[in-house]
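This report describes one chain and the parts it is built from. The sequence and the model come first, and the description follows.

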Amino acid sequence: LKRKLDVSPAVCPRPEAEAADSGVQVVVRIRPPRSVEGEEAPDPCLCRTSANSVAIQGQTFTFDAVADAASTQEDFFTLVGPPLVENCLAGLNSSIFTYGQTGSGKTYTMWGPLSATSGDSVACERGLAPRVFEHLFARIKQEQGKHKDKELIHSCTCSFLEIYNEQITDLLDPMQKNLQIREDVKTACVYVESLTKESVSTMKDVTPLLLKGLANRRTESTSANADSSRSHCVFTCVIKSESKNLEAGSNSIRMSRMNLVDLAGSERQKLTHAAGDRLKEAGNINRSLSALGNLINILAEISQSGKPWQHVPYRNSKLTFLLQESLGGNAMLAMICTVSPSESCKSETLSTLRFAQRAKL
Ligand code: ADP
């Protein structure tokens with residue numbers, strides 16, 4: 001069922017709900033060396049030194065977890081996904097971000113090789129997004145069968161958008177460009193005007209949306225990669241859980257969001273020899289990624305120091321403005337930072353690890 005709404009319902013985190021856990025999880029994933037021509041030898045100075053640390057050029061960085069080439073897509077989902085799904089089922093917002101240089105494994109980690117049919121050879125390589133939804137639907141079924149005294153009704157609605165040069169395009173209907181972020185005056189929640197929404201209840205509903213949106217995503221050739229992602233893309237699922245207490249005759253409704261955010265390549269512009277439009281793109285990408293990094297750093301500082309909530313600069317980029325209800329408060333966030341094992345990438349790898357460390361604090 002396809003619905004197009006002029007005004008999207010906004011969803012705010014419900015502070016009274018109990019979360020499975022909350023805060024920012026920072027996980028680094030080192031991709032395996034590629035056997036393609038031109039890929040340099042792996043960097044002997046980059047290695048995973050424990051379950052949560054990585055060393056490069058004699059410097060050790062510690063995160064919540066570090067995964068290397070031995071980590072399968074299933075292992076990686078098990079490491080990151082289930083607590084985020086539980087958080088959403090508890091009525092709170094969850095987000096997964098993939099951050100890293102082009103070619104470091106963001107797309108593979110978030111989406112994997114997607115196929116319209118399940119059970120084929122790429123199925124075991126599917127990424128976090130399809131696995132998050134499989135888990136979500138399985139947990140919803142489990143919850144619905146668990147309670148005798150109440151009826152649980154869940155409805156999930158998805159949208160997929162791209163932020164390119166600080167402009168929003170609907171990836172499920174790319175004719176809809178330059179969409180505006182609006183703020184609901186009553187609730188102060190933000191939403192994107194006219195964004196396509198699709199109801200989903202099984203993977204058969206979700207997979208075509210992922211395939212369609214990713215096919216519409218803007219990629220350009222840069223010297224770093226022939227198929228470089230120059231935009232941030234955000235797949236959002238709004239989960240509405242209605243609980244009807246059959247004995248007491250009472251009703252309660254919880255709303256939460258799951259955001260899957262595949263960020264534009266984080267490589268610095270000088271490496272891609274950018275000029276003209278590419279230079280403008282690179283400037284916008286750098287600005288929005290640093291706005292995101294600053295914001296996560298401020299949120300980490302607030303949560304660590306226990307200081308009262310201060311001014312948080314959500315409006316410094318479209319991405320942070322749009323996701324403000326999923327950044328901070330009781331929301332849960334996994335920042336996946338992907339790095340290449342190649343020696344030629346070591347300065348970008350260092351810069352990714354520094355970004356990851358700021359997010360962790
Ligand atoms: P990015 O999205 O950061 O530009 P990709 O996800 O496209 O990078 O990864 C670049 C290449 O490396 C792709 O061919 C992808 O299949 C492969 N790759 C990335 N990470 C892994 C991994 N963990 N295991 C196996 N192959 C990977």
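How many bridges join strand 8 to strand 12? Three bridges join strand 8 to strand 12 (residues 196-200), and the two run antiparallel. Two strands pair if DSSP finds at least two bridges between them. Helices (H or I, at least four residues) and strands (E, at least two) are DSSP runs, numbered from the N terminus.

The model is a predicted one: local features need pLDDT of at least 70, side-chain atom pairs count only at pLDDT 80 or more, and totals for chains, interfaces and linings use all residues. Residues are numbered from 1 along each chain as its sequence is written.

**The chain as a whole**

Seven helices and 17 strands make up the list of elements in the chain. Of its 361 residues, 43% count as buried. A residue is buried if 20 or more other C-beta atoms lie within 10 Å of its own, exposed if 12 or fewer, and partly exposed in between, with C-beta atoms placed from the backbone. Two residues are in contact if their C-beta atoms, placed from the backbone, lie within 7 Å. Among contacts between residues at least 6 apart in sequence, 73% join residues at least 24 apart.

**Strand 8 and its partners**

Strand 8 covers residues 150-164 and is joined to strand 15 (residues 232-245) by 14 bridges, in the antiparallel sense. On this side Leu152 stands opposite Ser243 of strand 15. Towards strand 12, Cys156 stands opposite Val200. Strand 9 (residues 167-170) is also antiparallel to strand 8, with four bridges between them. Here Glu162 has Thr169 in strand 9 as its bridge partner. The hairpin of strand 8 and strand 9 has two residues between the strands, and Asn165 takes a positive phi near 50 degrees in it.

Strand 15 pairs in turn with strand 16 (residues 250-262), antiparallel, over 13 bridges. Lys240 has Met255 in strand 16 as its bridge partner. Four residues lie between the strands of this hairpin, where Gly249 takes a positive phi near 70 degrees. The pairings are listed below.

| Strand pair | Bridges | Direction |
|---|---|---|
| Strand 8 and strand 15 | 14 bridges | antiparallel |
| Strand 8 and strand 12 | three bridges | antiparallel |
| Strand 8 and strand 9 | four bridges | antiparallel |
| Strand 15 and strand 16 | 13 bridges | antiparallel |

An open sheet of three strands has the order 3-4-5, with antiparallel pairing. Strand 3 (46-50) and strand 5 (59-62) are at the edges with a single partner strand each, so one side of each has no neighbour in the sheet. Neighbouring strands of this sheet are turned against each other by 30 degrees on average, direction ignored. Strand 4 (residues 53-56) and strand 5 are joined by four bridges, and Ala55 has Thr60 in strand 5 as its bridge partner.

Helix 7 (residues 346-360) packs on the sheet and touches strand 3, strand 4 and strand 5; its direction makes about 145 degrees with that of strand 4. Axes are lines fitted to C-alpha atoms, for helices over the stretch in contact, and angles run from 0 to 180 degrees between N-to-C directions.

Helix 7 also packs with helix 5 (residues 277-305), at an angle of about 35 degrees and with the axes 7 Å apart. Gly293, Ile296, Asn297 and Ala300 in helix 5 meet Phe355, Arg358, Ala359 and Lys360 in helix 7.

**Buried residues**

Leu295 lies in helix 5. It counts as buried because it has 22 C-beta neighbours inside 10 Å. Leaving out residues up to four places away in sequence, Leu295 touches Val312, Pro313, Tyr314, Thr320 and Leu327. The C-alpha atoms of Leu295 and Pro313 are 6.6 Å apart, although 18 residues separate them along the chain.

A nonpolar core is a set of buried Ala, Val, Leu, Ile, Met, Phe, Trp, Tyr and Cys residues joined through C-beta atoms within 7 Å. The largest such core has 84 residues, of which Val27, Val28 and Met335 touch the most other members. Its largest share, eight residues, comes from helix 1 (residues 73-89). The contacts of Val28, not counting residues up to four places away in sequence, are Val54, Phe63, Val66, Cys337, Val339, Leu353 and Ala356.
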